[in-house]
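Hi everyone, thanks for coming. Please have the sequence and the 3D view open while I talk, and stop me whenever you like.

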Amino acid sequence: MTLQHNEAVLGLDIGTTSLKAVLFGQRGVVLASSTIEYPLSHSKPDYAEQDPEQILQAVVKSIQRVQDQGRVKGYKIKAIGLSTAMHSLIAMDSSDNPLTKAIVWTDNRSLRQAEKLMQEHGGHEIYLRTGTPIHPMSPLSKILWMKEEAPQLFAKTRMFAGIKEFILHRLYGTYVSDYSIASATGLLHLETMDWDQGVLDLLGISKEQLPTLVPTTHVLTGMAPSYALEMGIPAETPFVVGASDGVLANLGVAATGPGEVAVTIGTSGAIRTVTDRPVTDEKGRTFCYAFADQKWVVGGPTNNGGIMLRWLRDQFATPEIEVAKKLGVDPYDLMIQYAEKVPAGSEGLLFLPFLTGERAPYWNANARGTFFGISLRHQREHFIRAVLEGVVLSIFSVGVALRELTGPAKEIIASGGFARSAVWRQILSDVMGKELLVPEVADASAMGAAVLALYATGDLDSLAEIRSWVRISHRHHPDLKNSEVYLELYYMYERLYMKLKDEFDIMAEFQRSGGFETTLD
């Protein structure tokens, strides 16, 4: 079974900084799309929040837009699948109103609680049970922060929800959490696939304060009439709760078999592979999240992806911005053209891309960005290339851990905003030392959400049918001379991180408090 000639499926991908809605026809042909950006606020140091109502309105507006575009072309939406970013937390009161904004994964306010979990509450054992590394990103650390730092707020909270649960409650009046999103909270036991009672006891909350757990293929119908009317769709349109953006990115590029590795670099980055059993790491470097049909996704996220290039553009690329305006081109394209002139290794300039701390494989919120090896010969283009290389080296550092756990990669498939750059793609191929495949559709999570929706509604017999949807637009073969340079650069990258680890802690404290609490020798 599959879509008829006039039918379409909608994939919604709620990301950290924007929502992408993509309408797919037969065999994954893109019929319409919409992107809506929304702000990320930083009201205090280490805080990162979003207005959940604003994101809900983005959902409504996006569906309305693609529905209108599809209808003009003679298509009707048969089902909707949902992908969302992980680790968000919203405290809801007894009247189902939010007591907080959506606290997102980049929020580091619970740094002290994460350290306490590791040192006093058996954090590593919690990780081995739940698959979520102990880090300020996780709802586990955030709820503990709320309990200790905002007890009145904690006492008023009837439901701890994420952005997906908030949106589905608004649309359908029920709190449900798919196993994929739930397994990224630090609260779900991977073996029992239920909320971990030991963690709940530690936090002092009950299962009734958490959403009902459902499969990623769970279907909701009967949307609130006012929202259905605004979107322009029937209220009974099947709405599949879906999974997390990372899990669905693997599905969206058909990287679901043994040795098939997906790399995504958008705002942040990640490298992942699919296993047929939960796999955790004794060294605590990787995550393990539920997928579907007794499959799990193992890998690791990095904090600093495309956001590094945006930082470089905004802070240091004024000349490129002005030239780009005159030429009518994208400043990013101009920056990368400059970087292309620089040889692999940026002539001895190395960048540790930890401007927002780091998750995998170090799980160190105190890590800080570093340019190393600066000399008078280094010019603007060297710094641009070093940033591109540093982001890829961070992905490779997770890939090293992943290879130890699941075996070598047979195939690497790339997606995300970085995949629009041939230079950046080639750097990834060179660093990994493997052929790199780039699918035609860049919005892998949206495609994964759409495919899962069709599978959930019985319109696909197997998730493996996604392979007929994925068309490869680019192939990159590694330049082995460059690969040798990058391997040596990676060893330097690792050594430099370890040498600076203690200094990162001291500098992070200085940035938070404005002074050094530790005496510098």
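Let's start with one side chain. Phe383 counts as partly exposed, at 21% relative accessibility; buried means under 20% relative accessible area, exposed over 50%, and partly exposed in between, with a 1.4 Å probe and protein chains only. A quick word on what you are looking at: this is a predicted model, where local features need pLDDT of at least 70 and side-chain atom pairs count only at pLDDT 80 or more, while totals for chains, interfaces and linings use all residues. Residues are numbered from 1 along each chain as its sequence is written, and side-chain values use heavy atoms, with hydrogens and water left out.

Now, aromatic rings. How many aromatic pairs does a search of the whole structure find? The search gives 18. Here, rings of Phe, Tyr and Trp (its six-membered ring) pair if their centres lie within 6.5 Å; planes under 30 degrees apart count as stacked, over 60 as edge-to-face, and the rest as tilted.

Take Tyr47 and Trp145: their ring centres are 6.4 Å apart and their planes stand at 90°, so this pair is edge-to-face. Tyr47 sits in the loop between β3 (30-37) and β4 (49-50), and Trp145 in helix α4 (residues 139-149), so the pair ties together parts that are 98 residues apart in sequence. Helices (H or I, at least four residues) and strands (E, at least two) are DSSP runs, numbered from the N terminus. Both Tyr47 and Trp145 are buried.

Back to Phe383, whose partner is Phe371. With ring centres 5.0 Å apart and planes at 65°, these two are edge-to-face. Their pair links distant parts of the chain, twelve residues apart: Phe371 is in strand β20 (residues 370-372) and Phe383 in helix α14 (residues 380-406). Phe371 is partly exposed, at 24% relative accessibility.

There is a cluster too: ring pairs link Phe354, Tyr362, Phe396, Tyr490, Tyr491, Tyr493, Tyr497 and Phe504.

Rings can also have a charge over them, which here requires NZ of Lys or CZ of Arg within 6 Å of the ring centre and within 35 degrees of the ring normal. Which residue lies over the face of Trp145? That is Arg109, at 4.9 Å from the ring centre. Likewise, Arg359 lies over the face of Trp105, at 4.0 Å from the ring centre.

Next, please find strand β15. Six of the six residues of β15 (residues 260-265) are buried, so the strand is largely enclosed by the rest of the structure. Glu260, Ala262 and Thr264 point one way, while Val261, Val263 and Ile265 point the other way.

What are the neighbours of β15? Two strands pair if DSSP finds at least two bridges between them. Strand β21 (residues 411-415) runs parallel to β15 and is joined to it by five bridges, with Glu260 opposite Glu411. Strand β16 (residues 269-275) is antiparallel to β15, also with five bridges, and there Ala262 stands opposite Arg272. β15 and β16 form a hairpin, with three residues between them.

Last stop: helix α10 (residues 245-252). Is this helix mostly covered or mostly open? Mostly covered, as eight of its eight residues are buried; among them are Asp245, Val247 and Asn250. Just after α10, Ala254 takes a positive phi of about 65°.

That's my tour, so over to you for questions!
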